[in-house]
Structure formats: structure tokens, C-alpha cells
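Please read the points below with the model open beside you.

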Amino acid sequence: MGRGFPERHLWRRVASMLTCPACGTANPEGARFCNGCGGALAGPGALRKERKVATALFADLVGSTALAEREDPEIVQSVIGLAFDRIAAEISRHEGLLEKFMGDAVLAVFGVPRAHEDDAERAVRAAIEMQAVLAELNRGLAAEGKPTLAMRIGIEAGEVLVDLERATGPRDRMITGDAVNTAARLQAAAEPGHIVVGPGVHASTKEVIEYRELGPFALKGKREPVLAWRALRIKARTRGERSRLGLEARIVGRDEELAVMEQTLRRVETEGRPALLTIVGPAGVGKSRLVSELERLVEERPDVLYWRRGRCLAYGNPSYSAFAEAIKAQCEIAGDDPAEVAARKADAALAELGGDERLAPALHALVGAAEARGASREELFDAWRSFLERMAARYPLVLALEDLHWADDGLLDLVEHVADWAQGPILIVATARAELFDLRPGWGGGKRNAVSLSLDPLSVEEGEAMLDELLHGSLEPALKRTIVSRSEGNPLFLEEIVRKLIDEGVLRATEADRWVPMGSLADVEIPGSVQRLIAERLDGLPLQDKLVLQDAAVIGRVFWLGAVAELTGLEPDEVRRALGRLRQKELVVRHEPSSFSHEEEFAFRHNLIRDGAYDALPKALRADKHAGVARWASRSAGDRAEGIAALVATHLLEAIGYLEELAEDCALAQEQWGVLVFPGVELTHLPPEAIPEVAARAKELGALVIVHGETIVEPVPRGTNLAALQSPDVDILAHPGLLTEEEAALAAETGTYLELSARRGHSLTNGHIVRLAR
Ligand SMILES: Nc1ncnc2c1ncn2[C@@H]1O[C@H](COP(=O)(O)OP(=O)(O)OP(=O)(O)O)[C@@H](O)[C@H]1O
Ligand SMILES: [Mg+2]
């Protein structure tokens, strides 16, 4: 048996450590000052015993005996040593203290010497990662035909006694207590490969970790049976898509499609190769729903998969944004994280996956943490693909990309690149309306690993079944038939008809949760398309709610309360109440967690609702509203503006899109009246990195481009002067009061005009500008 090797191998590291009481760093024997924090390592006597609440994790490797029987002892030693090294790394990454290796077992404690409020969660997360790194190691062993290893893990939280004085003695345990004993017993009772937690850990982590109850365990040394749970996975951060209130039908029909999806996923997993599955069909037919159903099936499975989702926007799509959204979720980057935070999180995610550091620059560029300096598209694609491969090496990966018909060319190329070249179990599930084939007529064609599902409308029976689901089967058959035939088998249309009937009081809920018709359906006019139907529902809203909804639509499918308040000029509380009413009508849903910290986030329940509300907004107001969103975003991000540069740019691009009409009007003025009028744009308060793109677009639309410079009285982000002067499309840099000598030289070189202003405050620096510009 292999115990002798790892024990010696590991004791060397553990037994000679001197643990710092302040920061937990292990120091070499005899050290007087800590290598970690520089604090004094107290001599014997100064150390004391302490009671603390902590979480203990016991892990035991199973299978090393089989390995030792078949393999050369040196190989066994290196395999087990490697396993323990990786395990130790996971524990320290979660700031756990490796208290002991004993033979093939590990004891780690979370919360000593320093407690964190989420120690129990850290322990479970570490355990999940430990199982994952072992699984990765096993794949390598299995490929070489060697026996694999499994690990049992037990975790419990509670009060422990920390005796730092004994920490240096190899035979003594530094930490004792009931939690430690229970964790050890739970570990012994666990199945290989499982993670079992006790009531203390379960109670404080059940919101974030998904568990399966195992029932009471009779544990050795315990009078009462102990309740235990098996940890399954970290709950996906649900980004609530569909409404959880009220109307939602269980899925009807689509058995075949789901079977194909499941089968494709299974093939990806067993063959360890990527596949591209595209679901095509008209708006509202149920594409996104099928993706959610697959997600639900995946969530019910006991094993772990990465499920990452991104969506293309109907307008102003920054390049690769849907892919970036998915990768940001992987790195746990929030929408408004400043560049350095995003970079740090991306690096941590890369390290966690054991990825090559050389991938970092491309990853940073993707998540908006840095510019992609000079990297070619091939280099970026290779790096991003490698990152996906690292993910897939850990768990099978599903990349769900929604609404590809709005994707930019780059994203479509990237999807094909990954499908063609990536290695490992990666399933790309894409949804698209048929317009995708206008962009890429041969999408998915000619690939062995590509599957396309074309969604037909629901059959009459399926439509009726859906109605039964929605309204608990309480409608007359004749009424049902009328509704279903009007909906033409489009589930969204069907839902919207029912909502309209409820809105208008034609269907009323009874106390017994049934719906009864009040009056005749024949009296209700149902428009011929779902778009018209939605437009009519929106028309029927009270004025204030309608205005709130229209302004929200300017922001996008996803929007924030603060931004709506800014655009409407209403108090946040008023907006909140209006949104509450709109949620009741199932027009919008709440999104949690928000991608914009400190902001309540909402979303339109369906794209067509967003489009309907946007279409109702007078065109004359749109440019102004988009600019308003950009202003709000730059302002509320404060000095974290980099993170939202893409959002700001999107809205400014949208706003200046209306220049086209202005340019036409100007041309007309000249033609009709001989008046020369120049359309112009002033760009102000943009994140500097957004300036080149927005300026280029404004120029393309025929505008004179002015950038509001950095001044002493009205701050725009630092770097604005330079970015404006470097952009070939900026004509005038207005009152750049903080101009530097280099910038003045650059202006002379590029022929950019510097403006002197008579405006109060701004004019104070006129002398400075004149002096430099001479
Ligand atoms: N088979 C089904 N059974 C029950 N409800 C369904 C079914 N298909 C779709 N729905 C419901 O119909 C609505 C519209 O579906 P979904 O959002 O998936 O459409 P979509 O095809 O993705 O549209 P879009 O192209 O606009 O994104 C959703 O509320 C969804 O839950
Ligand atoms: Mg959809």
C-alpha cells in the first residue's frame, strides 16, 4: 500500500512548519518573523489557546492502494504527491489552513487564524474544486490505463479549540473540537467521490450550494444521529429570464427537439469533442425556452457542468459581446467592475483553471480589462479557444449564445472557429431567427459536428395543452380552440393573447385558482400579429407606466432603475412602483444579481416587448434619450468608467445614428434655400477608450466632430485630450484647459483645432492654451 510514500513526502512539508498566528502562513522551523506578514512569530508561552467558530474539512483518498499494487512505487509517489499538491493549492486558494496530512487523508480548517463570514462556503467550494482537480488527474491516469483515485470529503462547522502552542509538534493536532470529529466521521461515511456536510455547514450555505439530503447518519461516537447532505454544485447565478410569477406553462411538445439536444450533449461528453447546435425559428416560437429546458435538465443531473450564457443585442452590439458576457460570468466579473478589478478576476479565473499565463492579455481584452494591443484576430481566437478548452478540461462546457441573428461577424467567425478547432467537451447552443442565414447562408452546413433544429409552430393539440397549462385547464373547449387558432401555434402569441384577455378583464381568476370568462371572447379583438398585439397591450397602459417602459426600452432588454429615473425625470421610488405594476402585468422581470453593482436590474420579459415599447417612442426623442443613458452610465460609474465604456459607446453610437437624418436635412437646406449648414456632434464625458469608435462613426455620418476637452472647471475623464488628439476623426478639441506640451504638439501634427472659449471658468485657461499652441 502506498501510504509510506505520501506520508514521508508530505510530512516534510507539514511537520517542520511554524504557523503564524496572525496570517496563517507556514514558516520554516526556527523562524522568528513571519514570511507572510512580517509579524513576530511568538515563542512558546506567548501562544495561547483560543475558541473559534471554524469549518473543518476532512478528505481521504481512495484507490491509492490499488495504484500501489500495480505500479512502481516511484510512480505512485509522484501521482499521489501531485494530487496532494493540487489539493493543497485549492485549500490555500480558498484561504483554508492545511492542518494536517495523515497518510492518505487531509484535514483543513477554514476560519483559523482569521475568520471570514463565509468560511463554510469557502470550505465547500474548495471541496468541489478538489474533486474537480482530482477528476482531471484521473482522466490522465485513465488514458494511460492506470487505476484512478477517488476522494471522500466530510465537512462540518462549529466551535473549535485552537491550540497554537501545539502546532509545531507532528503528533499533535492544533485544532480540536466537535466539528473536527464530525467532519472526520462524515468523511468516513461518505461514498467515494462525494462531499458530505453536516447541519452547521448546510444551514449557512444552502442558498449558494445545491444539496441532496442524505437522511440521518448514525456516526461512531455520537449519541444522536447526525443529519447530512451531499453537496452537488454551486448554484448557477440564475439570471432570471422568464417570469417566476403567474403565467408560465410547463413545456409542451418539443420532445424530439429536446431529445436531439440531450443526445448531442451526451455525444459531446462521451467523445470529448465540440459540437454546434443551432435552434432556428421565428420570434416567440420557443427557441430560448428550449435552451432553458436543456439547462434545467443539466441542473438536475448530479454531476457538474459549466453552463455559460451570452446574448447578442438587437442594436449597438459591441464585438464579441455575447461571448464576453459568458466569459465574464465565468470570471465572476460584474458589468461595472473597473479595469483593474476585471483584470484581477480574469487572472484568478485563469489560474483556477490552470491556464497558461500567456492567455491573460487576450482574456483581458475580451472582458474589457485592457486593450487588445496589436494582437491579431487569429491570436485572439487561439487564446480564447484555449481558455474554453481549459474550462472543458475541468467540466463539460455548454456555451449558450442567444439571438445570433444579431451577432457581429467576429462572433460568428469565433463560433465556427471553436466548433472546428477546439478540443474537449464543448457544446455551443445557439438560437437564431432565420435572418442568420442572410448573414451566413451556409451556417453550420458541411460540418460533421453541427446540428440545426428548425422549430415549427405548435400543433393545435399542443396549443390547447399549453393553454390548459397556463390556465389550469379551466377554459371551455370552444374558447380554447378560438384562442389557439388565433395564435397560429406561436407560444408567445398564445401567452400574449391570454395576458390581453386578463388585462381587459375578459378572463378573471376565481378563488379556486381557476379562470372564468366574463363575457364573450368574440367581443375582444385580437390583432393579427404578436407585434401588433403587444403594441396594443402597451397602449392600454396608464400614461406614467408607458413612459417608464418606453424609456427603459431605450436602455435595452436589460435596464437599471437609476437609469430609468434619470431618463424619465421621476423619483426612483415612483419608478420602482411603476416597475412593480409592469412586473405584475408580466411585461418586465427582475434580474438578480444585478450586473451593475448597487443598481436594481430589470429586463423585458421578451425582446418583442422591448421592441414594441421602443417603437412607440417618438423618433425625435430617441437620440436624446440614448445620449441620456450614456451620460447616466458614465456618471454612475464614476472613476470606474472603463468597465462601462462599451455601454456608453453603444448608446452614443445609437444616438449619433440619428445624425444621418440631420445630415439629410442639412443637405436639403442647402439645396432648397442655399444655406450652408453643417451637422455637428460634441462628444462629452466619454470614457477615453470609447472616443475613437464614436468619433469615427460620427464622421462617417458626415458630422463635424468636437470633443469636450479636459478643463479645470468641468471634469471629463482624464485621458480625454490625448484620446481626442490621437483620433483622426476629431476636428476640434474644445477648451482643453489641462493641455500638456506633448498634446499641443500632437494637435499641431494632426491639424486638430484647439478651441478658446469665452465661457465662464473655461476661459481661465485660454492663456495657457495659446502659449502652448504658439
Ligand atoms: N413548447 C412550449 N411550451 C410552453 N411554453 C412555451 C413553449 N415554447 C415557448 N414557450 C413560451 O413562449 C414564450 C416565447 O418563447 P421564447 O422566448 O423561447 O421565444 P424565442 O423563440 O426565443 O423568441 P425570440 O426570437 O424573440 O427570442 C416564452 O414565455 C416561453 O416560455
Ligand atoms: Mg429568444
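1. A nitrogen atom of ligand 1 is placed 2.9 Å from a polar backbone atom of Val 252, and this distance, like every other in this note, should be read with the caution that the model is predicted. The backbone is involved again at Val 285, where an N or O atom lies 3.3 Å from an oxygen atom of ligand 1. At Lys 287 the contact comes instead from the side chain, of which a polar atom lies 2.6 Å from an oxygen atom of the ligand. Taken on its own, ligand 1 has 630 Å² of accessible area, and the protein covers 96% of this.

2. Which residues are the closest to ligand 1? They are Lys 287, Ser 288, Arg 289, Arg 433 and His 606, within a surrounding set of 21 residues. Two helices, H8 (287–300) and H17 (491–503), each contribute at least two residues to the shell.

3. Helix H29, which runs over residues 766–773, has Asn 766, Ile 769 and Leu 772 buried. Viewed down the helix axis, the buried residues of H29 fall within an arc of 135°, and they therefore line one face of the helix. As background to this arrangement, an α-helix has 3.6 residues a turn, so residues three or four places apart point the same way. The partners against which the buried residues of H29 pack are helix H28 (741–750) and strand S24 (753–754).

4. Glu 95, although it is not a glycine, has a positive phi of about 60°, and its place is the loop that joins helix H3 (73–93) to strand S4 (97–102). With a relative accessible area of 43%, Glu 95 is partly exposed.

5. Is Glu 488 buried or exposed? Its relative accessible area of 56% makes it exposed, because the term applies to values over 50%. Glu 488 likewise has a positive phi, of about 55°, without being a glycine. The residue sits in the loop between helix H16 (477–487) and H17, and H17 is one of the helices that supply at least two residues to the shell around ligand 1.

Conventions:
Residues numbered from 1 in each chain as written. Chains lettered and ligands numbered in written order. Predicted model: local features only at pLDDT ≥ 70, side-chain atom pairs only at ≥ 80, totals over all residues. Heavy atoms only, no water. Buried < 20%, exposed > 50% of the residue type's maximum accessible area, 1.4 Å probe, protein only. Helix = DSSP H or I, 4+ residues; strand = E, 2+ residues; numbered from the N terminus. Arc of directions from axis to C-beta. Contact = heavy atoms within 4.5 Å. Near = heavy atom within 4 Å. Polar contact = N/O pair within 3.5 Å; in protein donor to acceptor, adjacent residues only side chain to side chain. Areas by Shrake-Rupley, 256 points an atom, 1.4 Å probe, with all protein chains shown as cover.
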